[in-house]
Amino acid sequence: MKNILLIAFCLFVHVVAAQAPTETYPVDPASAEQAGVPKGEVLKFTFDQSKIFPGTWREYWVYVPAQYKADKPACVYVNQDGIQWNAPVVFDNLIHKNEMPVTIGVFVMHGRVKAANPAEANDRFNRSFEFDGLGDAYAKFILDEILPEVEKQKTSDGRAIRLSKSGNDRAIGGSSSGAVCAFTAAWERPDAFTRVYSAIGTYVGLRGADRYPILVRKYEPKPIRIYMQDGANDLNIYAGDWWMANQTMLRALTFAGYEVTHQWGEGGHNGKQGTALFPEAMRFLWKGWPEAVKSGASQNQVLSTILLPGEEWKLVGEGYKFTEGPTANQAGEVFYQDIPNSKTYKVGADGKPVIVNEDSQNASGTEFDKNGNRLEVAKKSLSIARYDAQNKKQDIVKEISGNDLTISASGNIYVTSPDGKEKPSIIYLIKPSGEKVIADQGILYANGAALSPDQTLLYVTESTSHWVWSYQIKPDGTLTNKQKFGWLHVRDTEENAWADGITCDRDGRIYVATRAGIQVLDQTGRVNSILPTPNGAASNVAFGGKDFDILYVTANDKVYCRKLKAKGANNWDVPNKPDAPKL
């Protein structure tokens with residue numbers, strides 16, 4: 001029996017080996033040393049002082065071209081897994097022929113935590129943790145730790161090493177997990193990296209990179225240029241099919257309007273084709289430099305429906321401690337809160353914020369009723385305060401620990417009242433008569449609240465999960481048919497989306513402020529698109545402006561706005577029924 005198994009195994013290995021193609025690729029002239037081409041130097045260092053990946057030790061190499069002069073910061077190429085692709089020779093030749101700018105290469109190995117006794121234990125290898133995971137940790141590691149460390153070094157002839165801080169002057173690349181790591185760094189920090197080389201990229205289910213094709217389709221496009229390579233005989237294992245995943249990723253990038261090119265081959269999970277293509281990839285990534293890499297036009301229908309070409313985020317105000325509660329009155333004037341500083345701001349006709357209340361009692365949620373009164377959830381006084389047109393205050397509801405609120409045209413007020421992340425929240429209904437009713441209990445950290453344009457549904461965000469809840473509103477204002485409804489994307493660094501403020505436009509789309517950006521859902525609760533903010537933060541969202549077509553976002557210490565094609569659904573308006581959703 002053992003002999004039969006051995007023969008079967010040998011036959012299997014022989015068949016697999018026979019099926020694997022012989023990989024031969026033409027050698028690009030830039031991959032070979034050439035006479036008369038000035039040679040740069042390669043310096044080797046170690047780094048073991050990381051605070052982002054504590055306890056890790058690693059080697060890294062720095063390539064400095066012969067043409068580099070210390071009086072001007074150089075462009076940068078970062079590569080995972082150390083020196084690959086015969087890169088120093090390629091850089092020598094391409095820089096000499098002006099096919100890429102003067103570029104310093106930084107080639108970084110993954111970290112490892114060394115075993116106390118190597119004879120008895122293995123090191124802890126950090127490669128998959130650092131490379132395969134989503135999130136901005138590795139980008140921070142390169143930007144905040146490795147590149148500053150590189151700039152502490154000098155060339156052998158004493159030149160200081162100066163690196164450009166512009167994302168347009170920076171490229172990053174790698175193979176396999178190093179490739180997805182490169183893409184992640186640019187995806188998270190397009191302000192720091194705009195050019196990506198991805199060879200046999202690991203866009204599969206090792207640590208969540210299989211989400212990328214969907215995220216790429218939904219996010220507003222970022223200014224990134226990508227060169228991709230893979231082979232038809234790449235891996236097909238427990239985590240996924242590399243060959244199919246790379247093709248899916250390419251289709252997503254193309255759909256989303258990215259400047260991307262690719263070379264597919266028949267090879268396996270190795271660096272042979274990637275090495276052969278490296279010079280071509282560098283020419284593509286650096287073409288036209290110093291012209292900036294630009295964002296493309298996505299085929300995402302919702303993005304094209306709501307975004308206006310050329311209209312970007314604009315800074316409204318900054319320097320706050322934590323902003324919340326944006327809302328607009330009937331004139332489209334926008335108000336918001338700086339909760340810790342207990343101040344209420346109004347955006348003036350000139351677009352600049354002014355203080356309208358020096359002591360808001362740490363107000364958070366804010367909304368206007370149909371009579372033009374401003375209602376605020378006053379945290380410090382445990383009340384719902386109402387301010388008339390002359391800014392005269394009256395507490396209309398007391399002894400209520402609220403967070404956010406929304407008001408229907410009929411005068412019913414819904415207030416979310418969370419009690420931490422583990423205890424059930426309460427949703428209060430405050431009737432026009434002043435009667436306070438518990439409308440619901442149970443959501444963990446109920447946060448933002450908004451009405452559908454027809455005011456038959458109440459949406460409430462749950463900040464401990466990836467859900468937006470939906471309730472049907474009965475004629476008497478009470479709630480029924482509670483359901484988990486809107487499904488939100490979650491960042492890799494959290495177990496919840498941290499959904500906060502929420503609003504709707506007149507077509508029924510739902511805008512939710514989350515840590516991933518403003519997630520835009522259709523009427524069936526599906527995220528169709530995601531709008532990241534400039535500082536990566538979002539606590540609440542509202543429409544304002546005289547036509548209610550400017551989206552305002554409170555974002556920690558800043559407030560942004562952006563003009564859209566869509567218009568907000570105002571609660572004081574006569575409820576309107578949007579077109580039926582496409583199912």
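Two strands are said to pair if DSSP finds at least two bridges between them, a strand being a DSSP run (E) of at least two residues, numbered from the N terminus. The model is predicted, so that local features need pLDDT of at least 70 and side-chain atom pairs count only at pLDDT 80 or more, while totals for chains, interfaces and linings use all residues. Residues are numbered from 1 along each chain as its sequence is written, and side-chain values use heavy atoms, without hydrogens and water.

**View A. Pairing of strands 32 and 33.** Valine 520 has serine 529, in strand 33, as its bridge partner. Strand 32 (residues 517-521) pairs with strand 33 in the antiparallel sense over four bridges. The open sheet consists of four antiparallel strands in the order 30-31-32-33. Its edge strands, each pairing on one side only, are strand 30 (502-504) and strand 33 (527-531).

**View B. Surroundings of arginine 112.** Arginine 112 belongs to strand 5 (residues 112-113). Its side chain makes a polar contact (N or O atoms within 3.5 Å, one able to donate a hydrogen and the other to accept it; residues adjacent in sequence count only if both atoms are side-chain atoms) with the side chain of aspartate 123, at 2.8 Å. The C-alpha atoms of arginine 112 and arginine 58 are separated by 6.6 Å, although these residues are 54 apart along the chain.

**View C. Surroundings of aspartate 230.** Aspartate 230 is located in strand 9 (residues 225-231). The side chains of aspartate 230 and asparagine 246 make a polar contact at 3.3 Å.

Notes: Contact means heavy atoms within 4.5 Å. Lists of a residue's contacts leave out its neighbours within four places in sequence.
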